[in-house]
Amino acid sequence: MSSKSNRYKFLSSLGAIGLVVYGFFVAQAITLFIFGALAASGLITKSGLESTVTQFIAAFVAYALALLIILGIYSAVRNSVKGIPELLGVVNKPKLNALLYVLAGYFVYFFISFVFMILIHYAVPGFNIDESQEVGFDQLGSQLEFAMAFLALVVLAPLVEEAIFRGFLFTRLRRNLQFWWTALIVSLVFGLVHMQWNVGVDVFALSLVLCYVREKTGSIWAGVGIHTLKNAIAFSILFMQFDIEKFVLQVLY
């Protein structure tokens with residue numbers, strides 16, 4: 001009985017991981033196919049394909065499809081849609097102490113990521129910790145374009161990624177595994193789907209903190225806040241040339 005139970009837990013956990021990876025990448029493939037077909041048919045020009053509006057719509061479509069595929073297959077297998085909010089971790093309204101989790105969580109993540117990067121830099125010759133992340137939105141000019149990029153990267157991405165990884169995947173694995181095994185697996189998967197080594201290490205560190213906060217609060221909301229803060233700071237650096245060192249010096253002196 002114990003052997004059958006362990007086998008079921010293993011297969012259930014493996015199925016959840018496979019479903020998330022499948023849904024995440026299939027959604028991107030479908031999105032690329034849709035917009036590629038539109039470009040091939042002449043409905044969208046090459047410049048239009050690279051425009052901020054198109055990239056914003058593509059990001060929305062990809063994230064929406066990922067959620068629909070994952071939840072659709074899960075609900076079809078179970079023949080039920082009950083318990084989806086609990087599965088995604090969108091229960092329990094955010095409380096005031098969530099702000100403390102957001103601020104503390106961000107600085108803990110930053111420290112862990114910094115340590116990981118330094119260790120890997122010296123342990124793995126040729127590892128480039130400064131390689132820039134490809135996030136799209138290369139032609140921002142107007143305030144509207146900045147707003148669309150901000151919505152996609154700072155609002156939409158954290159919300160959907162938390163629902164998928166610290167919501168669906170964390171919940172499914174946590175039913176079968178102890179917390180730290182769950183956190184490690186979720187974080188590894190989250191790092192790998194970013195398909196870039198330095199980014200993968202950084203978001204692995206982020207995910208460890210997000211999983212801990214998810215466990216402590218029972219929902220994804222505080223984690224969404226940490227993720228949003230992280231992306232907002234990255235957005236400021238990438239697109240607004242925000243100089244953190246200069247800002248800190250101005251505050252201190």
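Reader: At roughly what angle do the axes of helix H6 and helix H9 cross?

Author: This is a predicted model. H6 covers residues 143-174, and H9 covers residues 221-240. Their axes come within 9 Å. The crossing angle is roughly 145 degrees.

Reader: Which class has 14 residues in the contact of H6 with H9?

Author: H6 brings residues including Phe146, Phe150, Leu153 and Val154. H9 brings Trp221, Val224, Phe235 and Phe239, among others. By class, four residues of the contact are polar and three are charged. The 14 are nonpolar.

Reader: What is the handedness of the crossing where H6 passes H8?

Author: The axes of H6 and H8 come within 11 Å and cross at roughly 65 degrees. H6 passes H8 in a crossing that is right-handed.

Reader: How many charged residues does the contact of H6 with H8 have?

Author: From H6, the contact includes Glu162, Arg166 and Arg174. From H8, it includes Arg214 and Glu215. Three nonpolar and three polar residues are also in the contact. The charged count is five.

Reader: Which elements give two or more residues to the lining of the second largest pocket?

Author: About 200 Å³ of space lies in this pocket. Among its lining residues are Ser187, Leu188, Trp197 and Phe204. The elements that give two or more residues are H7 and H8.

Reader: How many charged residues are in that lining?

Author: Met195 and Gln196 are also among the lining residues. By class, the lining has six nonpolar and four polar residues. The charged count is none.

Reader: Which element has the lowest mean pLDDT?

Author: The chain has a mean pLDDT of 88, and 93% of its residues reach 70 or more. Helix H7, residues 179-192, has the highest mean among the elements, at 97. The lowest mean is 47, for residues 244-252. That element is helix H10.

Key: Residues numbered from 1 in each chain as written. Predicted model: local features only at pLDDT ≥ 70, side-chain atom pairs only at ≥ 80, totals over all residues. Heavy atoms only, no water. pLDDT = per-residue confidence, 0-100. Helix = DSSP H or I, 4+ residues; strand = E, 2+ residues; numbered from the N terminus. Axes fitted to C-alpha atoms, helices over the stretch in contact; angles between N-to-C directions. Contact = heavy atoms within 4.5 Å. Nonpolar A, V, L, I, M, F, W, Y, C, P; charged D, E, K, R; others polar. 1 Å grid on protein atoms, 1.4 Å probe; cavity = no way out; pocket = protein on both sides within 12 Å on 5 of 7 lines; lining within 4 Å. Points joined across faces, edges and corners; volume = space filled by probe spheres on them. Left-handed = near helix turned anticlockwise from the far one by under 90°.
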